[in-house]
Amino acid sequence: MSKIQKTLRDNIGFFFVIPWLVGFLIFKAYPFISSFYYSFTDYDLFKGISKHTLENYINVFANKQERTALIITFKYAFMTVPLKLVSALFIAYILNFKIKGVNFFRTAYYIPSILGGSVAIAVLWRALFNDEGLIRMIFGIFGIEGPHFFTNSNWALFMICLLRVWQFGSAMVIFLAALKGVPTDLYEAAAIDGAGKWRQFFTITVPLITPVIFYNLITQLVQAFQEFNGPFIITKGGPRGSTTLMTLLIYNNAFGGTYKMGKACAQAWVLFVILVLFTMISFWSQKHWVYYSDEDGR
Amino acid sequence: MANVQTKTASQAQRDLERKRRISLVIRYFILIVVGLFMVYPLVWMVGATFKNNSEIFSTMNPIPMKPTLDGYVHAMDNYGGTINIWQAMLNTYSYVIPEVILTVISSVLTAYGFGRFKFKGHDIMFTLMMAMLFLPQVVLNVPQFLFYNKIGWVGSKFYLPLIVPTAFAVETYFIFMLIQFLRNIPKELEEAAKIDGANVVQTLTKIIVPMLMPAIVSCALFKFMWASNDFLGPLLYVKTPAKYPATIFVRLSMDSESGFEWNKALAVSLISILPNILVFFAAQNQFVDGISAGGVKG
């Protein structure tokens with residue numbers, strides 16, 4: 001009895017994580033593993049599984065539609081993430097100077113991040129980029145015929161990209177907190193040595209906040225590769241499939257009327273492996289470019 | 001000679017002062033221009049809800065020249081006779097609020113268990129938990145749907161697939177954030193409480209929770225925003241129009257045959273995000289603190 005009591009007392013913390021453990025097993029581990037299994041089958045929601053196959057995976061690369069979706073996903077991520085991070089860092093850098101009304105600007109820049117994920121903002125985007133919308137009117141002021149965002153393949157993707165770049169606020173807030181941590185005497189020393197503001201930015205600021213750049217890079221990449229709401233609501237994947245990201249294809253296969261669950265699982269797994277690879281590459285490369293202040297030397 | 005030197009010195013100082021002033025002007029200029037890009041679409045949106053449909057696309061001026069409440073009047077329309085915007089918002093919060101409460105409780109329990117205790121399997125479970133930060137939702141969507149479908153939760157009147165998982169600490173990000181916060185809370189108080197005879201549950205409710213309050217508030221706020229913006233969840237799991245939440249309702253208002261009534265679509269959108277806007281302005285510092293804490297200490 002006392003032995004049981006002792007075991008209980010020594011492991012009392014375990015009771016607090018039981019809910020998490022149950023959730024992990026039911027809502028994460030089981031779906032994860034079953035999805036891996038389904039990805040090698042022709043699982044159809046109504047017909048079930050009739051064969052095991054590698055076809056799903058082969059098709060991701062062999063089938064033109066799927067390959068295109070993969071390419072568009074890459075294009076989207078590599079357009080959105082750098083633009084977003086550069087804007088976030090640039091504005092955070094300016095805000096970090098002793099600027100009057102910092103809080104006002106910070107709020108203004110942050111609002112889109114908080115609201116931007118909503119369907120409401122997607123509706124707004126459709127109104128803004130409409131053929132008669134505000135954006136094309138602005139082009140008009142400069143005497144330029146603005147692009148037709150909903151019929152031009154390249155511009156349609158860029159419009160979605162702009163929606164996410166517009167939400168650079170949360171990355172900016174993280175950068176701003178990091179910039180506040182850079183000791184000001186470093187800047188003063190550099191100024192005495194005659195380094196200009198730009199020089200200071202690239203030789204002091206950037207190296208010191210690389211861990212945060214790294215953090216933002218990974219979270220933004222993971223988000224970008226999973227983008228769904230924007231293209232689904234604003235362009236429905238069109239025109240001519242030019243905004244059909246991998247996530248939309250997965251949705252279409254699984255829930256868009258065909259119920260090809262096996263195929264959708266395989267596509268999701270390809271996306272997952274790509275994300276894991278990117279995360280691993282970033283982690284591996286951080287050895288070379290991320291500077292952590294608790295390491296000795298610089 | 002000395003005279004000349006002081007002259008050039010003051011000259012240099014004046015140059016420096018002028019340079020500083022110019023760069024200050026440039027900074028404000030950039031901040032204001034970028035700020036316009038951030039805020040103008042939202043201001044334009046508010047204005048557009050008070051315009052008639054022809055005025056929306058004829059001017060860039062956000063202030064309506066012929067103000068009308070038509071948009072709002074039509075925004076009250078029923079969809080298919082079963083649902084209107086108010087009912088949709090009621091639906092939204094009928095699952096958002098339980099989600100927020102359950103997420104906070106389950107995440108605090110888990111963070112407390114992992115952060116303050118050692119037990120058998122602690123390290124392996126902690127590693128698994130942290131690994132979940134990198135498990136993208138996209139790979140779980142299809143198998144989770146299949147699981148909920150199997151147990152008959154798809155189309156549930158009580159939004160079971162949306163609410164139930166949150167009772168099991170599925171939002172790893174919040175656990176992570178709370179553990180980070182917990183690490184900075186000294187253990188002395190807890191030890192004192194233990195000596196006074198408090199058990200682990202009392203320690204949690206009387207000492208840990210009050211100290212963790214700022215982090216708990218941040219978690220609750222973010223969960224509130226994310227859950228009320230959630231689109232894919234309701235899209236997959238809510239099947240009866242009478243149960244549609246605001247996100248789905250907003251999309252319908254745009255896609256239905258009356259979709260060209262932009263003032264209506266924008267009014268519906270604006271109403272649907274009004275609670276989020278209010279919450280943001282009431283608690284913007286908590287948002288900023290929450291996001292900085294998660295990012296920088298990570």
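Read along the sequence, chain B of this predicted model follows the pattern α-α-α-α-α-α-α-α-α-α-α-α-α-α. Chain B thus named has 14 helices and zero strands, where helices (H or I, at least four residues) and strands (E, at least two) are DSSP runs numbered from the N terminus. Residues are numbered from 1 along each chain as its sequence is written, while chains are lettered from A and ligands numbered from 1 in the order in which they are written. Because the model is predicted, local features need pLDDT of at least 70 and side-chain atom pairs count only at pLDDT 80 or more, whereas totals for chains, interfaces and linings use all residues.

## Overall dimensions

Chain A contains 15 helices and zero strands. Its radius of gyration is 24 Å, well over the 19 Å that the globule rule gives for 298 residues, so chain A is more spread out than a compact globule. The radius is taken over C-alpha atoms, and the globule rule is 2.2 Å times the number of residues to the power 0.38. The C-alpha trace of chain A spans about 80 × 75 × 35 Å along its principal axes, and that of chain B about 90 × 65 × 35 Å.

## Domains of chain B

The domain assignment of chain B gives domain 1 (2-71) and domain 2 (72-293), with bounds that come from an automatic or database domain assignment. The centres of these two domains, taken over C-alpha atoms, are separated by 36 Å. Their contact takes 11 residues from domain 1 of chain B and 11 residues from domain 2 of chain B; two residues are in contact if their C-beta atoms, placed from the backbone, lie within 7 Å. On the side of domain 1 that touches domain 2, the elements giving two or more residues are α1 (2-48), α2 (53-56) and α3 (70-75) of chain B. The largest share of that side, three residues, comes from α1(B). By class, the side of domain 1 that touches domain 2 has five nonpolar, four polar and two charged residues. Here Ala, Val, Leu, Ile, Met, Phe, Trp, Tyr, Cys and Pro count as nonpolar, Asp, Glu, Lys and Arg as charged, and the others, Gly among them, as polar.

## The contact between the chains

The contact between chains A and B takes 73 residues from chain A and 74 residues from chain B. Helix α2 (residues 12-38) of chain A gives the most to the side of chain A that touches chain B, with 19 residues. That side of chain A divides by class into 54 nonpolar, 15 polar and four charged residues.

## Helix packing

Two packed helices are described by the angle between their axes and the distance between the axes. Axes are lines fitted to C-alpha atoms, for helices over the stretch in contact, and angles run from 0 to 180 degrees between N-to-C directions.

| Helix pair | Axis distance | Crossing angle |
|---|---|---|
| α8 (172-183) of chain B and α10 (200-229) of chain B | within 10 Å | roughly 165° |
| α15 (261-289) of chain A and α6 (141-150) of chain B | within 9 Å | roughly 145° |
| α6 (119-128) of chain A and α12 (246-255) of chain B | 9 Å | about 20° |

The angle of roughly 165° makes α8(B) roughly antiparallel to α10(B), a term for angles over 145 degrees, whereas those under 35 count as roughly parallel, 65 to 115 as roughly perpendicular and the rest as oblique. The crossing of α8(B) and α10(B) is right-handed; a crossing is left-handed if the near helix is turned anticlockwise from the far one by less than a right angle, and right-handed if clockwise. In this pair, F174(B), M177(B), L178(B), F181(B) and L182(B) of α8(B) meet L212(B), A215(B) and C219(B) of α10(B). Their contact has eight nonpolar, no polar and no charged residues.

Between the chains, M261(A), A264(A), C265(A) and A268(A) of α15(A) make contact with V142(B), P143(B) and L146(B) of α6(B). This contact has seven nonpolar, no polar and no charged residues.

With an angle of about 20°, α6(A) is roughly parallel to α12(B). The crossing of α6(A) with α12(B) is right-handed. V119(A), A120(A), V123(A) and R126(A) in α6(A) meet T247(B), V250(B), R251(B) and M254(B) in α12(B), and these residues divide into five nonpolar, one polar and two charged.

## A loop in chain A

The loop between α13 (229-234) and α14 (246-255) of chain A holds P239(A). A cis peptide bond joins G238(A) and P239(A), with omega about -5°. K236(A) is also found in the loop between α13 and α14 of chain A. Phi of K236(A) is near 55°, a positive value in a residue other than glycine.
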